[in-house]
Amino acid sequence: MQLFPHQKKALDLTAGKNQVAYYLDMGLGKTFVGSEKAVSYPNMILVICQKSKVQDWVEHFREHYNIGVFDLTDKRQFEEFTGTVGKFVGVINYDLVFRRSYFANISGFTMMLDESSIIQNETAKRSKFILKMHPENVILLSGTPTAGKYEKLWSQLHLLGWGIKKELFYKQYVEMEWIEDSESGFRIPHITGYKNVDRLKMKLADHGAIFMKSEEVFDLPQQIITPVYSRATREYRKFMRDEIITVEGREFIGDTILSKRIYARMMCSYLNKERIAAFRDLLQSTEDRVIVFYNFNDELNALLDIAIEIEKPVSIVNGERKDLDAFESDENSITFVQYQAGAMGLNLQKANKIIYFSLTDRSELFEQSKKRIHRIGQKNACFYYVMICPGTVEEDILHTLEQRKDYTDELFKAYNEKCDP
C-alpha cells in the first residue's frame with residue numbers, strides 16, 4: 001500500500017509500541033495508518049467501529065490485504081470466526097461487542113477502535129466492557145478524540161497503558177469550580193478550563209498518541225460558511241410560550257425540557273414553510289452534488305418531496321439505509337445524511353457543498369460533518385450553507401457549536417429563562 005508521507009511519519013513515530021493512538025484530523029487517512037499498524041502485529045485483529053462503518057472496514061481489508069475478514073454482525077460469520085485459528089480480521093460494532101461474552105474471555109489479540117471517542121464515557125456498558133478486555137495490542141483511531149474536552153480522554157488513556165487514576169488526572173490537568181444547583185441545593189462540579197497542557201501532550205506522546213491536523217499536512221481548499229435565514233413562525237412563538245400547539249393536525253406538547261427542545265427545533269426546520277422554500281431555492285441554484293445534513297425522519301420526508309419535485313437523483317445515509325449510488329454516479333445528486341449515521345467516516349469529497357437543513361446539538365458531529373467534503377482529494381473551495389432562524393433556539397445552538405460545545409438540556413433551560421417575558 002502506498003502511504004502519504006504524513007502517514008508513514010505516524011507509523012515511524014509509533015514503531016515498536018503496542019499501544020498507540022492515531023488522532024489524525026478527518027481526511028488524513030487514519031484508516032490506512034491504523035490498518036497498516038494492525039497487520040504489522042502477528043495477532044488476530046478485532047476492529048470495533050460504528051454500525052454504519054462495519055461494511056466499510058470489511059471491504060477495506062478485503063481490498064488491500066491478503067487476509068481473512070469476518071463481518072461479526074453476521075451470526076454465521078461470527079461462529080466461523082470463533083473457530084478459526086491464525087491471523088485474520090473480525091469487524092463488529094460498539095453496541096454489539098459487549099453482548100458477545102466471547103470477547104470478554106479471549107486475550108493476545110490486536111484491538112482497533114475506530115472513532116475511539118465513543119468510549120469517552122467510561123460508565124456506559126460498551127465502554128466498561130471494552131476497558132475490561134485483554135488485548136495484547138491496542139490501536140485507537142479518532143479525528144476528534146476529545147471534541148476539545150481533555151477530561152474525556154481518561155478512558156482512552158487507560159487503554160494506552162497510562163495508569164493514572166481519574167481523580168489524579170483531573171487534579172493535574174483540569175480546572176474545576178463547584179457551583180450550587182438551584183433546584184437540588186447540591187454543589188456540582190463545573191469544568192472551567194485546563195492546566196499543564198504541554199505536559200499532558202508530552203505524556204500522551206510517551207504513551208503512543210499521535211496528533212495531526214489537516215492544515216499541518218496539506219493546503220486544503222478554503223471553507224466558506226454562509227447563513228441562510230428564515231423567520232421564526234407564529235407557531236414557534238406560541239409553542240415556546242404555551243408549551244402546547246397543534247400544527248398540521250399533530251399535537252406537540254413540550255411537557256419536559258427534552259420534548260420542548262426537540263419540538264422547538266422541528267418548528268424551525270420542516271414545519272417552517274419559509275425554510276422549506278429557501279431549501280428548494282438552494283437546490284435549484286446549482287447542478288453540483290449537494291450533501292444535506294438533517295436530524296429527524298419527518299425532515300427527511302419533507303426534503304425528499306422537494307427532491308422528487310425538482311427531479312434530482314437522491315442518495316440516503318441514515319440508521320436504516322446506506323445508499324450512495326446516486327452520489328457516486330450523478331453530478332447533480334442530493335445526498336441526505338442523518339448526523340448520527342453519517343457525520344463520521346464518510347468520504348464525500350466528490351461534493352463541495354453542504355446544506356445544514358437543521359443543526360445537530362453535538363459539537364463532535366458538527367465538526368466531523370464539515371470534514372466529509374474538506375479532506376484529501378478535494379480540489380475546490382468548500383461551501384457550507386447553515387439554515388437558521390434568528391432569535392430562536394437554533395441561534396443558541398449555533399452559538400454553542402461555534403464554541404465547540406454540546407447543546408444540552410441545561411443550556412435549553414437557560415435559554416428559556418432568558419426568553420421569558
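Does Gln-338 count as buried or exposed, and what is its relative accessibility? In this predicted model, Gln-338 has a relative accessibility of 15% and therefore counts as buried, since the cut-off for that class is under 20%. Gln-338 belongs to strand β16, which covers residues 334-338. When residues up to four places away in sequence are left aside, the contacts of Gln-338 are with Tyr-294, Asn-295, Val-317, Asn-318 and Ala-343.

The packing of two helices was examined next. Two packed helices are described by the angle between their axes and the distance between the axes. For helix α13, formed by residues 273-284, and helix α14, formed by residues 297-309, the angle is about 40° and the axes are 11 Å apart. Because of this angle, α13 is classed as oblique to α14, and the crossing of α13 with α14 is right-handed. On the side of α13, the contact involves Ile-276, Phe-279, Arg-280 and Leu-283, which meet Ala-302, Leu-303, Ile-306 and Glu-309 of α14.

Cysteines were considered last. A disulfide is a covalent bond between the sulfur atoms of two cysteines. A search of the whole structure for such bonds returned 0 disulfides. Cys-268, accordingly, takes part in no disulfide, and the nearest cysteine sulfur, which belongs to Cys-389, lies 4.2 Å away, whereas a disulfide requires the two sulfur atoms to be within 2.5 Å. Cys-268 counts as buried because its relative accessibility is 1%, and Cys-49, with a relative accessible area of 0%, is buried as well.

Conventions:
Residues are numbered from 1 along each chain as its sequence is written. This is a predicted model: local features need pLDDT of at least 70, side-chain atom pairs count only at pLDDT 80 or more; totals for chains, interfaces and linings use all residues. Side-chain values use heavy atoms; hydrogens and water are left out. Buried means under 20% relative accessible area, exposed over 50%, partly exposed in between (1.4 Å probe, protein chains only). Axes are lines fitted to C-alpha atoms, for helices over the stretch in contact, and angles run from 0 to 180 degrees between N-to-C directions. Helices (H or I, at least four residues) and strands (E, at least two) are DSSP runs, numbered from the N terminus. Angles under 35 degrees count as roughly parallel, over 145 as roughly antiparallel, 65 to 115 as roughly perpendicular and the rest as oblique. A crossing is left-handed if the near helix is turned anticlockwise from the far one by less than a right angle, and right-handed if clockwise. Contact means heavy atoms within 4.5 Å.
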